[in-house]
Amino acid sequence: MISEATTPRVLTAQDRCDSCSAAAQVVAKFLNGELMFCGHHAKEKHSLLKEKAVDIYDPNSVFHTL
Ligand SMILES: [Zn+2]
């Protein structure tokens, strides 16, 4: 039996940025939920995400190009 917690996160075309509805590239996990961001908004909110998020899923290495 596969638990949901161990299922790897996969971003699909249905995953959209919470700020502008572009395709999501980054998922930021918070204690009370998660938010998705496109590359543009992920970079814009990078310092906030680094401070507040408990986990950041960044399969396209958006933050590595900063
Ligand atoms: Zn966006």
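Reader: In which sense do strand 1 and strand 3 pair, and over how many bridges?

Author: The model is predicted: local features need pLDDT of at least 70, side-chain atom pairs count only at pLDDT 80 or more, and totals for chains, interfaces and linings use all residues. Residues are numbered from 1 along each chain as its sequence is written. Strands are DSSP runs (E, at least two residues), numbered from the N terminus, and two strands pair if DSSP finds at least two bridges between them. Here strand 1 (residues 26-30) pairs with strand 3 in the antiparallel sense, over three bridges. Lys-29 stands opposite Asp-55 of strand 3.

Reader: How does strand 1 pair with strand 2?

Author: Strand 1 and strand 2 are joined by five bridges, again in the antiparallel sense. They form a hairpin with two residues between them, and Ala-28 has Leu-35 in strand 2 as its bridge partner.

Reader: What is the order of the strands in the open sheet?

Author: The order of the three strands is 2-1-3, with antiparallel pairing. Strand 2 (33-37) and strand 3 (55-57) are the edge strands, each pairing on one side only.

Reader: Which residues make up the largest nonpolar core?

Author: A nonpolar core is a set of buried Ala, Val, Leu, Ile, Met, Phe, Trp, Tyr and Cys residues joined through C-beta atoms within 7 Å; buried means that 20 or more other C-beta atoms, placed from the backbone, lie within 10 Å of a residue's own. The largest has eight residues: Ala-24, Val-26, Ala-28, Met-36, Phe-37, Cys-38, Ala-42 and Leu-49. Strand 1 and strand 2 each supply at least two residues of this core.

How values were computed. Helices (H or I, at least four residues) and strands (E, at least two) are DSSP runs, numbered from the N terminus. A residue is buried if 20 or more other C-beta atoms lie within 10 Å of its own, exposed if 12 or fewer, and partly exposed in between; C-beta atoms are placed from the backbone.
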